Amino acid sequence: MATQTEAATRGGLRVRVQKFGTFLSGMIMPNIGAFIAWGLITALFIPDGFLPNEKFALLVGPMINYLLPLLIGFTGGKMIHGVRGGVIGAIATMGVIVGADIPMFIGAMIMGPLSAWVMKKLDGSWAGKIKPGFEMLIDNFSSGIVGAIMAIFGMVLVNPLVVAFSNGAGAVVQFLVNNGLLPLTSIFIEPAKVLFLNNAINHGILTPLGTEQALEQGKSILFLLEANPGPGFGILLAYAIFGKGMAKASAPGAALIQFVGGIHEIYFPYILMKPIMILAAIGGGMSGIFMLVLTGAGLRAPAAPGSIFAVFAMTSPDSYLGVTLSVLAATVVSFLIGSFLLKISKTPEGDELGEAAAKMEAMKGKKSSVGFAFASDANAGPVNNVVFACDAGMGSSAMGASVLRNMFKKAGLTDVKVTNSAIANLTDTYDIVVTHQDLAARAKPVTASAVHVAVDNFMNSPRYDEIVELVRTRNSAPEESVSVSAGAASAAAGTGAAGASTTARHVAEPAQEDLAPGRGVLVAESVVLTGTAASRDAAIDEAGALLLARGAVNEEYVASMHTREASVSTYMGNFLAIPHGTNEAKGNIASSAVSIIRYPEGIDWNGKEVKFVVGIAGMNNEHLAILSSIARVFTDKTQVARLENATTREEILDIFGKVNAS
């Protein structure tokens, strides 16, 4: 089976540049819908639009000057310091907006994260030092004061710098246009796309400059410098005809996703697998831009995503011919160059496309929504067992296993076993291994035959949908290919058919009805409706104290809960954290117990808001039924809302299905 590689090794200028580009993209991508809304309103209602309307056109200016920069500033701040950071980022962004006569996207990408970082440092400096009852006062006034200061800072210092930069960049672009040199920008743009700097360049620089040009002239060539789907489409067509193996088989589907869906990153692995193919992308990009210059064509607004439908939706009425020729020229030239390079180069051997996809995700700094498609061949055999692995195997992984088990059940994949295990207990007998992204490097060496999926939290990762789809694809393959592949996989693992059955020895994995709740694992005395802790570490102590009071653990176990948290966060998503001890600390557990503490005002958990802290001490898997109930509750927003509004301990217990009923 193909194995996905863990994230790129930290360090090195290239990695830092890539991560910086990914961070900038992270501020833009969640707000693409707002860009599309503005683009549609612009294309329809401005004086040169399809349906000119003076009243509706009044939306264009405020959206581009205020709404979009504020959204970017909020998103950038939230990435650094949660919602609190987002609010500070939006306030500070207002400072760079005021007085500027250009859209302040770049200013927002500076002020949002910077202001949130300042607020985060200040919050950390007085964490745990504020007297009870004064937290709200301090939080609100500190954010107001910091926001006001950063807004003034942005207005006085950052605003002029951004305006100067934009004017300089605009002059450079105009020089290139006047001298017919604009096609040369593809030499930089196309490699930047593969390095995941495309969104930073496109939306951080080209979109603001193109917007100014479009407001004056009704269209801009700059909107199509990066978004043209032609170069990638041509490369994928070349692979579809002249490629070999997995690359040839997957290229047609990838071409459809890239050209129609607008997800350009799907062709990046094909270039990373054979880096010389970047020449095809550059040649195609230059040809497309040349056609735009030759015909004077342009778009009214950004085409996001870079789908052919989005491109034509944003095309100026007088530019359809030019845009069509641009996309066609880019496709043909990249196809011809790519085909030539494939014919003269060495034929790939092995799973180079899968390795390139893993490399792409490492460069991106996070998992790709399309890279997973290259992780394994659909004919590699059925998936019989999936394991969630964490440090101790008692908390995070058990919750994740329960969530995915329920998803498999809803999808009708009831024959797939989903277990959880401590990383130290893993063996190479699993088909899919799911780990926290910070633990992937430890799990991979001992489970080399498996597909590895790294997630940022076990409760609600979007990667679960990808796992379900992968299992559905593999398990629906023809029986002949399945039996051959499954036999080969079993032989390679040295386990045969019996190997799969041994996977359950690490953890109790029965279906939900077999997870009979343990008597006394959760009692009313271990439920606190209003916790007193104001920080993550204090909350861990508070949850641990309830376990201590039960006589379930000793002091060493509570200390190991902090050790576990320092290694990998136990934040699960949906306002939930489940602190528990390390694998080595299991000897300090006298009996299984669970404590639940609610924090109505929420506490900061490494930048995430947590309202429910569930302390766990588990032995002999007696706690798994309760964790399964907790997982089901916290994947249901209605149930989470009930927990927030509960007024008695008994209501909390009832919501979890009376987990102590015999």
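The briefing below starts with the whole chain and then turns to particular strands and a surface patch.

This is a predicted model, in which local features need pLDDT of at least 70 and side-chain atom pairs count only at pLDDT 80 or more, while totals for chains, interfaces and linings use all residues. Residues are numbered from 1 along each chain as its sequence is written, and side-chain values use heavy atoms, with hydrogens and water left out.

**The chain as a whole**

- The secondary structure comes to 24 helices and nine strands, where helices (H or I, at least four residues) and strands (E, at least two) are DSSP runs numbered from the N terminus.
- Of the 662 residues in the chain, 53% are buried; buried means under 20% relative accessible area, exposed means over 50%, and partly exposed lies in between (1.4 Å probe, protein chains only).
- When contacts (heavy atoms within 4.5 Å) are taken between residues at least 6 apart in sequence, 73% of them join residues at least 24 apart.
- Carbon and sulfur atoms hold 63% of the accessible surface, which comes to about 27,500 Å² for the chain; such areas come from the Shrake-Rupley method with a 1.4 Å probe, and for residues only the protein chains shown count as cover.

- Strand β1 (residues 385-390) is mostly covered, since six of its six residues are buried.
- Both faces of β1 are covered, with N385, V387 and A389 buried on one side and V386, F388 and C390 buried on the other.
- Six bridges join β1 to strand β2 (residues 417-422) in a parallel arrangement, and within this pair A389 stands opposite S421; two strands pair if DSSP finds at least two bridges between them.
- β1 also runs parallel to strand β3 (residues 432-436), to which four bridges join it, and here F388 stands opposite V434.

- Eight of the 10 residues of β9 are buried, so that the strand is mostly covered.
- β8 and β9 run antiparallel and are joined by nine bridges, whereas strand β7 (residues 576-577) runs parallel to β9 and is joined to it by two bridges.
- F612 in β9 has L576 opposite it, and R598 also stands opposite F612.
- The hairpin of β8 and β9 has two residues between the strands, and in it N606 takes a positive phi near 55 degrees, a positive value in a residue other than glycine.
- N606 is partly exposed, its relative accessible area being 43%.

- Y66, M94, V98, I110, L114, W117, I152, F153, M155, V156 and L157 make a nonpolar surface patch of about 970 Å².
- The elements that give two or more residues to this patch are α3 (60-97), α4 (105-125) and α5 (135-178), and α5 gives the most, with five residues.
- Patches are made of residues with over 30% relative accessible area and no salt bridge, with like charges joined within 9 Å and nonpolar side chains (Val, Leu, Ile, Met, Phe, Trp, Tyr) joined within 5 Å; a salt bridge is a side-chain nitrogen of Lys or Arg within 4 Å of a carboxyl oxygen of Asp or Glu.
- V98 lies in the loop between α3 and α4, and with a relative accessibility of 35% V98 counts as partly exposed.
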